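This briefing concerns helix packing and nonpolar cores. Please consult the sequence and the structure shown below while reading.

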Amino acid sequence: MDPWIGQIEGTLSSPASDSVHTLRPSEIKVVAMMGAALTATEGTRQLASISKDPNPTTQSSFPDILKSFNPDLVGYSPGSRNFDSSLDQSALNGKAEDLPGQALKLVKSLKNKSHIDFQRDWKLITVYIGVADLCAYCTNKEYYSPENVVFRIKEALDILYQEVPRAFVNVVEMQNIDSVLQCHDPGLLTHEPRNICECLVKLHNSGELSVHNISRIYRNALQELVYSGIYEKRKDYTVVLQPFLGNLEFPLTANGKADLRYLSPDGLRFSVRSRSLLARGLWNNMLEPVGQKNAILKLSPTAPQLRCPTQERPYLFTYQNSDYGLTSPTEARQSYGKECGSEVTCIDREPSITVPTSVHQLRPADIKVIAALGDSLTAGNGAGAKPNDLIGVITQFRGLSWSIGGDNSISTVTTLTNILREFNPLLFGYSSGVGNEGTPQSFLNRAIAGAVTGDLMGQVRKLLKLMKNDSRINFQEDWKIITLFIGGNDLCDYCKNTPNFSPDNFIKNIQEALDTLHSEVPRAFVNLVTILNIVPLRELFTDTRLKCPQILLKLLCKCVVSPPNNSTQLSELQALNLEYQKRTHLLVESGRYDSREDFTVVIQPFLENTKLPRDKNGMPDKTYFAPDCFHFNVKAHSQVARGLWKNLLEPVGWKTTGLSLDNPISIACPSKDYPYLKTYRNSNSEQKSPVTTEKMKTTGEPSQVYGSELLCKDKAPSDVIPKSVHSLRPADVKVIGAVGDSLTAGNGIGSKPNDVLDVLTQYRGLSFSIGGDGSLKTTTTLPNILREFNSNLTGFSTGKGNLESPNVFLNQAFPGALVGDLAGQVRRLVDIMKNNSKIDFQNDWKIINLFIGGNDLCNYCTDSAYFSAINFAKRIEEALDILHNEVQRVFVNLIEVLQLIPLRRLYQDQKMSCPRALMRMLCYCVVKPSENSPELEMMSEANRAYQHTTRMLVESGKYNTREDFTVVLQPFFHHMEIPMLENGHPDTSFFAPDCFHLSRKFHSQVARSLWNNMLQPVGEKSNFQDVTKNISLSCPSQDQPFLRTFKNSNYTYQGAVPTVKPPGNWGSDLSCSENLPSETVPTSVHRIRPADVQVIAALGDSISVGFGARAKNLFQLKTQYQGVSWSIGGDKTLETVTTLPRGLFGFPEGI
């Protein structure tokens, strides 16, 4: 009988495929094996044949079958000219714990064989783990748990995946456990069984556990590993599960019993007579599509016929080339139920009369091209998978993807594409059907399953190439909408490589991708969908009632699902999640991508605070998820598409941030007045110019709240320009500058109530220390006060804008700045002053305001060493040193860091409308700790330490060595209370809409306090900020018309000049008459003389290592002066430095 079904393929095709999904049998050059022995033969040669004849009628081994296609196959078949025993690493009774070592040996062998081209030869590697681990389960249930066994298998597969190019890996499922039970059935035994599985069988027979249940869990765990898709990211590598041993059919003996001669006596392996059956079963499995593989092996004297590759399907079957999930092309257009479709009721669906040139006037119908970047949630993994069908999660249902899929129509599948096609039926670029990123139907859906932000640039480059080279796209003229959604895998993997997935790298990768789009793509609207709050997904893992595939979830997202509740690791994850979101907002809302009229990036935040959908019993609703309980199914994809569309039409600042997957969302329509997709500019079109007096009056706040009256009679400058800073009058000041963070940049000062995103606007003209909008009557700022004395004051900032705007002038502060950024700001400030024609750098008197530290405190708990008080003061010192060394005629206001702890009241008050999630992102370390916790006490102490080290720096006298320069600490923020209403709730009118930055009302009060501090003598300055008080502006007195410094205040810095002159040295005299050692070395410690001591050592803390022992200032405290340590130091002589070793040196023959 012909052993082959169909026509056998010829020999090696040329050229060889570069994809494992188009791999023909004849292209396989190397065959190898790992794991457990399948047959009980001598040695370890599994599936091996002693035949030298590759005739198809005699194949009894797997390598022999492959030699029918390629006679030059290199393998482990004895007698072959290419026989290589090192390619079979399998072992008798092999367990999962053996696999990693076997993998390493196999890789080494493949690399070192001269007859193997490691990089170019295609390799077929079969991995089999038998029942040995299962049989050992009863000896150590934790060690041999299904989860631990599968993770050992994963370790081996990971080694192959990382090391071996061009590989097709078969993972053969464990044999049916019934074979082992039958071999231990006394009625069937013909041989005495071995004891390796004895205890498991006994427990099963006694009813203490079900072997079938444990076996099923092992199988499911292995399936979860392979179906996770983690080995489907390279086109030259795949892992395929071959289930042909799932059920065994035995022939019957004459007495009607199962013929167990096909098994070894213990049932753990197969006998020699099964060899050909096993080889053919594996081969036929490889020629069967995924989802249609035979899971039954018939053990009989008649071997099954061997399948042949067909002309239509000449390749070995993988998950991708099996078209798994679609049995016919029409299936892609199936109905998914009412909840997946939507109705668009918009009347006006017309495009603009002429093609718009501005992205801020872009209507939905103007869009001609759609594209997407991201990971598996955009690739559509599992979107159309059937319930409980884990294999279906590997399939990428790109036509159902929420942001780019184009299957069916809006009535059956809701996607952004299908919504936009209601406005423009000729929309182009969407993906359809199933397939990976390399299939034509993916088109401009460049998302890759498993992608992290570090992979974005590759996707961007491919997208650009496709758009530029497709004749159907007018790259220069067509309006494009591009959706970018990524970051989940960064969170899932962060604990494996924390530096690689740091917030800095995360935002750097996104910025690089956006920068490239910004520089190369004309006419584009980019949706940047912020990373979702991934932590709630943990409930799908922790709630065992849901029966989600827990091992698979660990494989997909270990760093999210593994940390215990309330653990430090979970807190770190939550902080990282929030930091990713925060950094994304800061990047886009910096205005970096709004420098061109035809391009913008808009954050769509609808997934930021998404909660799990729940069923009527309050449990997480699995019907929104793919079978892995991790990816979205089509129902969720449709809802997410509605959320994205809703965000697109919502003004910036009013966008939904918490999509409810289980709440109905109707398809909104563009309004008649605002028919455009919302951008930062057209969301705030009613306020494009700096605030004027008229606009102030419409806010409901009387102008006198912001304005002030200055009743000073003497506003004249000095008769001659003073040479000393201690004789500086307000009217002598000609230049004002400032450095700092968002409180100086003016974030949110002019924002309307509830307009949270407008807090990103930098109202620099209203900043308390440097703003120059309006006049003192309408706007109280330090420049407006000083302009009452000198109307020619220069340097102040006006209007709105970021650091690049020309109107910021000498306001060099920027949002998010840390004290480590201060030196850079100062250098820019100095350069501007030196090079500006309005400023006489040598002769003009300058006031420079320095206020920073809030962001350092907000991040203190993330790295208390880096953000320590010592480091804080050192970085301020670095900035002040630059000013001191390079700038003449300067009065520096060093504004003490404010007390942040009181701001917690705004976060804690549940009745407030404050955006608590945003507050956590802005200042996690301050708002997150619970009351009376050690963490909160740590933050309070850090706040106080910042203030203390700053004061110590100023009072060191370091900056009072020149007559024309001084630094004065202004301490009005030292103590602060939150303003309260009569109802006991905080008065949010003093704060910006984020309840963190200060409103215009607060800035006005702070400006008054700063001015009054400047006129108060050092040592008598107010150190309490009560913003509810009616603060009037002070005036210089006739006796003291100068801005107050330590010198003109007659103030003595504490510790600057010692009251008692210290001794000239710290030596001692030693004049002991008895200084000789013992005549013989003493044997008792109680008879040791000083001169007997030969060695000295010390243990202890900072005191013993001489921490700061010779420090001359605060910043030398970290130096360890060990040579002068009291207990161990040996510097100099006893006459100059008294230490214990020096004392002992005074005894002859001592140490």
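A residue counts as buried under 20% relative accessible area, exposed over 50% and partly exposed in between, with a 1.4 Å probe and protein chains only. The model is predicted: local features need pLDDT of at least 70, side-chain atom pairs count only at pLDDT 80 or more, and totals for chains, interfaces and linings use all residues. Residues are numbered from 1 along each chain as its sequence is written, and side-chain values use heavy atoms, leaving out hydrogens and water.

**Helix α8**
- Helices are DSSP runs (H or I, at least four residues), numbered from the N terminus.
- 12 of the 12 residues of α8 are buried, so this helix is largely enclosed by the rest of the structure.
- Among these buried residues are R275, R280, W283 and N284.

**Nonpolar cores**
- A nonpolar core is a set of buried Ala, Val, Leu, Ile, Met, Phe, Trp, Tyr and Cys residues joined through side-chain atoms within 4.5 Å.
- The largest core has 205 residues, of which L157, L160, V169, L245 and L514 touch the most other members.
- Helix α15 (residues 550-561) gives the most to this core, with nine residues.
- A second, separate core of 102 residues includes A731, V819, L829 and F972.

**Helices α2 and α4**
- The axes (lines fitted to C-alpha atoms over the stretch in contact) of α2 (residues 99-112) and α4 (residues 146-163) come within 8 Å.
- Contact means heavy atoms within 4.5 Å; the residues that meet include A103 and V107 in α2, and A156 and L160 in α4.

Methods:
Helices (H or I, at least four residues) and strands (E, at least two) are DSSP runs, numbered from the N terminus. Axes are lines fitted to C-alpha atoms, for helices over the stretch in contact, and angles run from 0 to 180 degrees between N-to-C directions.
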